[in-house]
Amino acid sequence: PVYVSELHAEGTRVNPTTFPQDRDFRDPLTQEEANTLISSLKDYRAHPENMNRLREVLSAYKGTHSFHNFTSGKTSDDASSARYIMSFEVLDPLVSADGMEWIPTQVVGQSFLLHQIRKMMSLAIDVARGSAELSTMTEALSPKPMRLSIAPAQGLFLDMSFFAQYNRRVNKELQLDWVTESPAHKRWKEFKSTMVVKHIMQEESRLGNFVKYLFMQEYVFDKE
């Protein structure tokens, strides 16, 4: 699966003076407020240190861990909470038609739990932008129960499914090539960039789901 998300550094936090003095910051952003923030963030570009921080955070997920805190209805002693993450990488930034920079990430794992990837990204974004310590990652993957926020679903999509073990068992002589630029591979990449990713960006520009989510992270959960 690939998660395309906006990564805003600590320096781009919204100044409360942007809003009326009597605004209750426990309330979510209105659509009008979200549109204002989207316009103000379009010129921002992630700094190299922010990108490196995100890479460091995502790498902590690699390996086998109990992800009971990243789903619902499971505990640390539940064997089904264990999942194996093969890689979690930061891809090259993308810029949408309206000028907003997006940071795609790609996670490869054997299987995933309900909400797992969205909660993994939520925590990773908070650590990368300085709202949470890196030690929070270790605590979240420990037996200790922890409530984690969930990032918007709009940026998440299944990029490709691999069935290598099954294919080897059924036909050892068949070697499927997932890397070489074949006509089918080119059509797949073109569809992903022109249809899937483009739709995600357009939806965010229209609805501001990520901006609304980051506002809640910044001004609501920190106040609890």
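Y61, F67, F70 and F88 form one aromatic cluster. The model is predicted, and every value here is computed from it.

**Aromatic pairs**

The structure holds five aromatic pairs.

| Pair | Centre to centre | Angle between planes | Geometry |
|---|---|---|---|
| Y61 and F67 | 6.4 Å | 40° | tilted |
| Y61 and F70 | 5.8 Å | 85° | edge-to-face |

Why is the pair of Y61 and F67 tilted? Planes under 30 degrees apart count as stacked and those over 60 as edge-to-face, with the rest tilted. The planes of Y61 and F67 stand at 40°, so this pair is tilted. Y61 and F70, at 85° between the planes, form an edge-to-face pair.

Y61 has a relative accessibility of 0%. F70 is buried too, with a relative accessible area of 0%.

**Helix α2**

Helix α2 covers residues 48-59. Its twelve residues should span 16 Å at 1.5 Å a residue. The C-alpha atoms at its ends lie 17 Å apart, which agrees.

Which residues of α2 are buried? They are N50, M51, L54, V57 and L58. Around the axis they cover an arc of only 125°, so they sit on the same side of α2. The face turned away from that buried side carries the exposed residues P48 and E49.

**S87 in strand β3**

Strand β3 also holds S87. This serine has a relative accessible area of 18%. Buried means under 20%, so S87 counts as buried. Leaving aside residues up to four places away in sequence, S87 touches K62, Q106, V107 and V108.

**The whole protein**

The protein has seven helices and six strands. Along the sequence they follow the pattern β-α-α-β-β-β-β-α-α-β-α-α-α. Of the 224 residues, 42% are buried.

The protein exposes about 12700 Å². Carbon and sulfur atoms supply 54% of that area.

Conventions
Residues are numbered from 1 along each chain as its sequence is written. This is a predicted model: local features need pLDDT of at least 70, side-chain atom pairs count only at pLDDT 80 or more; totals for chains, interfaces and linings use all residues. Side-chain values use heavy atoms; hydrogens and water are left out. Helices (H or I, at least four residues) and strands (E, at least two) are DSSP runs, numbered from the N terminus. The expected span of a helix is 1.5 Å times one less than its number of residues. Buried means under 20% relative accessible area, exposed over 50%, partly exposed in between (1.4 Å probe, protein chains only). The arc is that of the directions from the helix axis to the C-beta atoms. Contact means heavy atoms within 4.5 Å. Accessible areas come from the Shrake-Rupley method with a 1.4 Å probe; for residues, only the protein chains shown count as cover. Rings of Phe, Tyr and Trp (its six-membered ring) pair if their centres lie within 6.5 Å; planes under 30 degrees apart count as stacked, over 60 as edge-to-face and the rest as tilted.
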